[in-house]
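Open the model in your viewer and keep the selection tool ready.

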Amino acid sequence: EMEIVSIDDPDKLLAPNEVGEVRIRGARVVHRYRGESAGHPEGWLYTGDVGCVDEDGFLQIIDRKKDMLIVSGYNVYPREIEELLLTHPEVKNAAVIGVADERKGEVPIAFVETAEEGERVAIGLEQFVEANLAGYKQPQHIIPVDAIPQTVARKNDRKRLAEMAKEYINE
């Protein structure tokens with residue numbers, strides 16, 4: 001079994017095409033982890049994935065719950081911003097993280113590997129992003145880099161990106 005539930009209220013089931021956390025249960029789903037005294041509520045395993053199910057029952061994974069940003073009370077998914085940046089012909093790779101902001105809670109920061117001179121492309125990307133994303137989803141900074149740091153599993157190294165963002169913002 002699989003359901004989509006509200007991120008804020010896991011007791012609230014969501015309708016088709018509404019975005020929430022994916023939860024599953026079944027005979028082959030782990031019922032509790034070693035060392036835990038209690039199992040998952042009613043046998044449901046909360047996957048940590050954010051997604052939605054369409055009218056035909058097909059699941060679309062949008063992002064990981066832990067990567068989701070809350071910007072001025074709105075849920076922002078870094079993957080959505082990354083996918084948009086990757087449609088730009090000058091962008092070879094992109095990674096988006098959130099950084100703390102006193103007024104908004106968090107704001108997105110984008111790192112991009114570009115085919116051409118980074119600073120020039122970053123200015124064009126700001127206009128591209130403004131034309132294609134709601135204001136609260138737009139990265140506060142677009143930082144050109146030679147290479148986006150990767151983990152040994154070849155995923156974007158979000159911890160290193162956070163360090164790089166601090167260095168960039170504090171310059």
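**Pockets first, then a hairpin**

The lining of the second largest pocket divides into 5 nonpolar, 4 polar and 2 charged residues. Here Ala, Val, Leu, Ile, Met, Phe, Trp, Tyr, Cys and Pro count as nonpolar, Asp, Glu, Lys and Arg as charged, and the others, Gly among them, as polar. This is a predicted model: local features need pLDDT of at least 70, side-chain atom pairs count only at pLDDT 80 or more, and totals for chains, interfaces and linings use all residues. Residues are numbered from 1 along each chain as its sequence is written, and side-chain values use heavy atoms, with hydrogens and water left out.

Select G98, V99, A100, D101, V107, Q140, H141, A162, K166, I169 and N170 to show that lining. A pocket is an open set of points on a 1 Å grid over the protein atoms alone, where a 1.4 Å probe fits, with protein on both sides within 12 Å along at least five of seven lines; lining residues have an atom within 4 Å of a point. β7 (91-101) and α3 (158-169) each supply at least two lining residues. β7 gives the most, with 4. Helices (H or I, at least four residues) and strands (E, at least two) are DSSP runs, numbered from the N terminus.

Next, select R64, K66, D67, E82, Q150, R154, K155, N156 and R158, which line the largest pocket. Its lining has no nonpolar, 2 polar and 7 charged residues.

Last, select β3 (residues 45-53) and β4 (residues 59-64), antiparallel strands joined by 5 bridges. Strands pair if DSSP finds at least two bridges between them. G51 has I61 in β4 as its bridge partner. In the turn of this hairpin, G57 has a positive phi of about 90°.
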